[in-house]
Amino acid sequence: MTASTLRPQDGQAGQLPTPPGPRVPIALQSVLFATQRHRLLRLLHRRYGSVFAFQVFPERDVVSISDPNDIKELFAGPVTTFHAGEGNQILKPVMGEHSVLTTDEDEHRRIRALLTPPFTGAALRGYRAMVADIAEQEVARWPIGRPFRSHTSMQRLTFEVILRVVLGVSDGPRLDELRRTLGGVIDISSLDIFGWHNARMQRVGRWRRNRELLLRSDELLYAEIADRRVAPDLAERTDVLSRLLQAGTEEDVLTDAELRDQLVTLLLAGHETTATALAWCWHELSRSPETQAAAAKAADDADDRYLEAVAKEAMRLRPVIYEVARRTTEPVTVGGFHVPAGTTVMPAIGVVQTDPAQHDDPETFRPERFLDGSTSTRNWLPFGGGVRRCLGAGFALMEVTEVLRAVLGRYQLAPDRTRREQVKPRNITFTPARGARVIITNR
Ligand code: HEM
């Protein structure tokens, strides 16, 4: 383990070495990072230790860190030195320049403060019944006795939930169209992301279609914002859009463009991530009959602590997002190495969460480790950390727990094959390659 020394430098930069790392062409490193990150980062960690450097497009200079002490210090570091918004620039073409995910410092602080109230404890309790209701409706449609892709069902479910939370909508022709166009915008692969950053690619093929879908969803979202501004029941509404329209002061209100960026961000950030976490729950539970039996009992007994432990263990063993990013605005020291300004420092969530130095028997799915005190916010980081920690973490845990209850109360799950599914990077999330296929029977 390295000495924990992540801090802005005080003039002795030249005396420290830079982190070690592979010396292969940037194009090869980029392809491996995009397609095999879950293997590559663990391999480099074994070879070079907890701090190493590599190069990828478009960030270029990247330093991966996986010592919990270093990560803790990075998350607590000055927001003027460590820019998460700049680290998330890859998302800007869709989420926008005002998004809580792509901004930094004062701009980020202002938006984050406005977005926080709808995701605090009291508000979360208010959403629980709605989530349980949507979950019941979705899982009642699951086919008995034949294999199906549970991930697809979870995408439908979490999309419906996030639309209700963010826009407060249920029916209507505009919303049906929004469901279709936003569904298309959200259904993105790594290839699509390349197109976001290249105006010429956007004139052809799938990238042109993506661009058109994005423009159409923007029109629909702006129309929704305009209608909502004058809605007679605005003051009573509890959805995020209505709350944002009433937040702020007279001199500081969110513009339509700022509102649009937050809506798209929440819809994107809150949908695929949660669907993937749930898909991994079904993948793991279907292969662990004893744990599944314990979880079914917890569902019957309303033992939310155990259900939440199942959700957390799936997120540990199968991290939905493999790493987060902070771009440095000045030179820093990390683990005894010199890291220049303009470097993207990446806490490697996936490496920490499967590191045998951090977790006993890390490849085993064992929710009990969340009940016996052997995990903590140092070695379990699926939601990142510090002032940029996932805004929807509490919501996501509540949602996953409710869906676990709805499914395990009704069905028994078995895998369609005993072999585990491969991990497939899909844009920024890491998904089960065959869609978490399961076969269910009634309990
Ligand atoms: C299992 C589900 C989820 C996972 C694994 C997840 C993971 C993450 C991660 C790793 C980050 C980056 C944190 C960092 O840089 O330190 C993040 C940020 C964020 N997430 Fe989530 N997330 C999930 C669900 C949600 C939901 C349901 C919402 C909204 C309803 C949401 C909204 C956001 C937002 C707005 C940010 C940006 C926060 C900021 O930069 O201040 N996420 N999430």
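Tutor: Strand 3 and strand 9 (residues 344-347) run parallel and are joined by four bridges. Two strands count as paired when DSSP finds at least two bridges between them. Helices (H or I, at least four residues) and strands (E, at least two) are DSSP runs, numbered from the N terminus.

Two conventions before we go on. Residue numbers start from 1 along each chain, following the sequence as written. The model is predicted, so to speak of a local feature takes a pLDDT of at least 70 and side-chain atom pairs count only at pLDDT 80 or more, while totals for chains, interfaces and linings use all residues.

On to the next pairing: strand 2 and strand 3 are antiparallel, with six bridges between them, and Q55 faces D61 of strand 3. The whole sheet is open, has five strands in the order 2-3-9-6-4, and its pairing is mixed. Strand 2 (51-56) and strand 4 (82-83) are the edges; each has a single partner strand, so one side of each has no neighbour in the sheet. Strand 4 is held to strand 6 (residues 326-328) by two bridges in the antiparallel sense, with F82 bridging to T328 in strand 6. Helix 1 (residues 26-48) packs on this sheet, touching strand 2 and strand 3 (60-65), and its direction makes about 170 degrees with that of strand 2. Contact here means C-beta atoms, placed from the backbone, within 7 Å. Angles run from 0 to 180 degrees between N-to-C directions, and axes are lines fitted to C-alpha atoms, for helices over the stretch in contact.

There is another open sheet, with three strands in the order 5-13-10 and antiparallel pairing. Its edge strands, strand 5 (148-149) and strand 10 (411-415), each pair on one side only. Strand 13 (residues 437-442) is antiparallel to strand 10, and five bridges join them; Q412 has T441 as its partner in strand 13, and P415 has V438. Strand 5 pairs with strand 13 over two bridges, also antiparallel, and R149 stands opposite R437 there.

Now for the helices. Helix 7 (residues 150-167) and helix 12 have axes that come within 8 Å and cross at roughly 145 degrees. Among the residues that meet are M154, F159 and I162 of helix 7 and L263, G270 and W282 of helix 12. By class this contact has 11 nonpolar residues, seven polar and one charged, where Ala, Val, Leu, Ile, Met, Phe, Trp, Tyr, Cys and Pro count as nonpolar, Asp, Glu, Lys and Arg as charged, and the others, Gly among them, as polar.

Helix 12 packs against helix 10 (residues 205-229) too, at an angle of about 115 degrees and with the axes 10 Å apart. In that contact D218, L221, Y222 and I225 of helix 10 meet D256, L259, R260 and L263 of helix 12. Five of the contact residues are nonpolar, none is polar and three are charged.

Helix 12 also leads us to the ligand. The ligand is surrounded by 25 residues, with G270, T273, G384, C390 and G392 the closest; a residue qualifies if its C-beta atom, placed from the backbone, lies within 6 Å. Helix 12 (256-286) and helix 16 (393-408) are the elements that give two or more residues to this shell. Helix 12 supplies the largest share, seven residues. Across the shell, 15 residues are nonpolar, seven polar and three charged.

Finally, the whole protein. It has 16 helices and 13 strands. Its radius of gyration is 22 Å, close to the 22 Å that the globule rule gives for 443 residues, so the protein is as compact as a globular protein of that length. That radius is taken over C-alpha atoms, and the rule is 2.2 Å times the number of residues to the power 0.38. Along the principal axes, the C-alpha trace spans about 65 × 55 × 45 Å.

Key: Contact = placed C-beta atoms within 7 Å.
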